[in-house]
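Please keep the sequence and the structure in view while reading.

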Amino acid sequence: MPRPPSQMQTRDQVWLIAIPKRQAFTQPQFHFGERVKWQVQDNLQNWQSGQIVGMQFTVTGWQYFVELDRNTALTTDLAVSTSMAEQYLRLVKDAASVRDYLRGEPEWFLTEPAAFKLGISTEQLRKLRRKGLFKNGHHYRDISVPGSGLPRWQWHVERCVKALEIPPEKRSIRKG
């Protein structure tokens, strides 16, 4: 079945990642799809940039295959990709960067974002803490400066969810 015109320009990519069983192996500094830049050797004022489309671990370290940006003045029709060693590359931070997705969500949240994720009000969250449903150091922690007199709470949302899954009649909370 032919593809619609909007999908004809996209490429289907398959990546094989093989990790050798050697002690010298290191994690790659860059990931597929990230944009990188490097200085052009003949002129230290010029930078070339592109997107990582492949990588290979060699005896000397990681070697990246980079598809050059087409809007760069240094790109010719003949040169559309290059291979560069890791030590010459610098990350170009942009909206398409995969690093934010790889980092994942933080475990600890301040009161307002934690209450939002739990689906309760900030006051209800504080009230449950005061009643003893949440344990200090496990469900919440105080990150305020010592002696400031005003607590600044952080909450471990995943653990709080588990505590809230206990039916109300089985919770061990303080009365009054």
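Two strands pair if DSSP finds at least two bridges between them. In this predicted model, β7 and β8 meet that condition, pairing in the antiparallel sense over 3 bridges. The points below treat the strands, then a helix, then a loop residue.

**Strand β8 and its partners**
- Strand β6 (residues 108–110) is also joined to β8 by 3 bridges, and these two strands run antiparallel.
- Within β8, His-156 is the bridge partner of Trp-108, while Trp-155 stands opposite Tyr-140.
- The side chains of β8 point in two directions: Trp-153 and Trp-155 one way, Gln-154 and His-156 the other, and all are buried.

**Helix α3**
- Helix α3 (residues 122–130) has Leu-125, Leu-128 and Arg-129 as its buried residues.
- These residues lie on the same side of α3, because they cover an arc of only 105° around the axis.
- The elements that cover the buried residues of α3 include α2 (111–118), β7 (140–142), β8 (153–156) and α4 (157–164).
- Just after α3, Gly-132 takes a positive phi of about 95°.

**Glu-86 in its loop**
- Glu-86 is located in the loop between β4 (81–85) and β5 (90–92).
- With a relative accessible area of 16%, Glu-86 counts as buried, because the term applies under 20%.
- The side chain of Glu-86 reaches the backbone nitrogen of Gln-29 at 2.9 Å.
- Leaving aside residues up to four places away in sequence, Glu-86 touches Pro-28, Gln-29, Phe-30, Trp-62 and Tyr-64.

Notes: Residues are numbered from 1 along each chain as its sequence is written. This is a predicted model: local features need pLDDT of at least 70, side-chain atom pairs count only at pLDDT 80 or more; totals for chains, interfaces and linings use all residues. Side-chain values use heavy atoms; hydrogens and water are left out. Buried means under 20% relative accessible area, exposed over 50%, partly exposed in between (1.4 Å probe, protein chains only). Helices (H or I, at least four residues) and strands (E, at least two) are DSSP runs, numbered from the N terminus. The arc is that of the directions from the helix axis to the C-beta atoms. Contact means heavy atoms within 4.5 Å. A polar contact is a pair of N or O atoms within 3.5 Å; within protein, one must be able to donate a hydrogen and the other to accept it, and residues adjacent in sequence count only if both atoms are side-chain atoms.
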